[in-house]
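Good morning, colleagues. Please turn to the sequence and structure on the screen, and I shall take you through them.

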Amino acid sequence: MPSNQGEFGDMTIFRAILLALAAGTFLLVSACQSGTVTQRSDATDVATDQRTAPAYVLGNGDRLRVTVFGHPDLSGEFDVDGSGAISLPLIGQLDALGLTTPELEARIVETLDGDYILNPRVSAEVINYRPFYILGEVGSPGEYPYTSGLTVLNAVAAAGGFTYRANKKVVFIKSVDGAEEQSYTLDTNTAVKPGDTIRIGERIF
C-alpha cells in the first residue's frame, strides 16, 4: 500500500513538471511572435520614408505662357515676380503664388468675365520653372534648370554624378517653402521640386 501511494505521488509530480514545461514553451513562442511583428512594423516605417512630387504650385521666378483664346492682345509670356504676382494686360497685377495652373486659369477667367470679355477661355502653362540647387558630394555643385518630373538621380547626373565619398542611400532636401532640410530614401522615385536645395552627404566608411 505505501508503494502504490509513492507511485501515485511520483506520477503527480511528473505531470506537474510537464504542465510547467508546456506553459513555458507557450510563453516563449508568444514572445517570439510578438518580437517578429514589431520588427516588421519598424521596417515598414523606414520603407515609407520616401518623397513624391505633389501637384505643382507657382512660385517666384516661374515663367508662364497665358493664352486668352480669340484675344492675342491679352496673351503672352509672363513672369511670376518677387511678390508672387504676374502682370497681365487689362487685369494688371494678379496674385499667382501658391496656385496650380488650373487655379490660375480659373482666377483669370473670373477677373475677365463680364467686365472685359464674355465667357473667356484661358490656358496657362509653365514654360520655365525656377531652378533647383544641389550641394555636397557631386561632381559640380550649383544651380541647375528644373524640368518636369525631375528626380534626385536625374539631378545628380546633371551635376556630374556622385563623388566616390557620396552616400547613395540617403538624400537631404530643403524645400523653398521649408524651414529646414529633411532626409529621404534615395532611390529612382525620389522627386525634386522647383526651388529645392538638394544635399548629397558623405558616406561613413
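**Contacts, aromatic pairs and a buried threonine**

Of the contacts in this chain with a separation of 6 or more, 50% are between residues 24 or more positions apart; a contact means heavy atoms within 4.5 Å. This is a predicted model, in which local features need pLDDT of at least 70 and side-chain atom pairs count only at pLDDT 80 or more, while totals for chains, interfaces and linings use all residues. Residues are numbered from 1 along each chain as its sequence is written, and side-chain values use heavy atoms, with hydrogens and water left out.

The chain has 3 helices and 10 strands, where helices (H or I, at least four residues) and strands (E, at least two) are DSSP runs numbered from the N terminus. Their order along the sequence is α-β-β-β-β-α-β-β-β-α-β-β-β. Of the 205 residues, 28% are buried, that is, under 20% relative accessible area with a 1.4 Å probe, counting protein chains only.

I turn now to the aromatic rings. Rings of Phe, Tyr and Trp (its six-membered ring) pair if their centres lie within 6.5 Å; planes under 30 degrees apart count as stacked, over 60 as edge-to-face and the rest as tilted. By this rule there are 3 aromatic pairs. Tyr 129 and Tyr 146 make an edge-to-face pair, 5.1 Å centre to centre with 70 degrees between the planes. This pair links distant parts of the chain, 17 residues apart: Tyr 129 is in the loop between β5 (122–128) and β6 (132–136), and Tyr 146 in the loop between β7 (142–144) and α3 (152–158). Tyr 146 counts as buried because its relative accessibility is 10%.

Phe 132 and Tyr 144 have ring centres 6.0 Å apart and planes at 25 degrees, so this pair is stacked. Phe 132 belongs to strand β6 and Tyr 144 to strand β7, 12 residues apart. Both are buried: Phe 132 has a relative accessible area of 1%, and Tyr 144 one of 18%.

Finally, where is Thr 190 found? Thr 190 lies in the loop between β9 (182–185) and β10 (197–200). Thr 190 is buried, because its relative accessibility is 0%. Leaving aside residues up to four places away in sequence, Thr 190 touches several others, among them Arg 51, Thr 151, Val 171 and Tyr 184. A polar atom of the Thr 190 side chain lies 3.0 Å from the backbone nitrogen of Asp 187.

Methods. Buried < 20%, exposed > 50% of the residue type's maximum accessible area, 1.4 Å probe, protein only. Polar contact = N/O pair within 3.5 Å; in protein donor to acceptor, adjacent residues only side chain to side chain.
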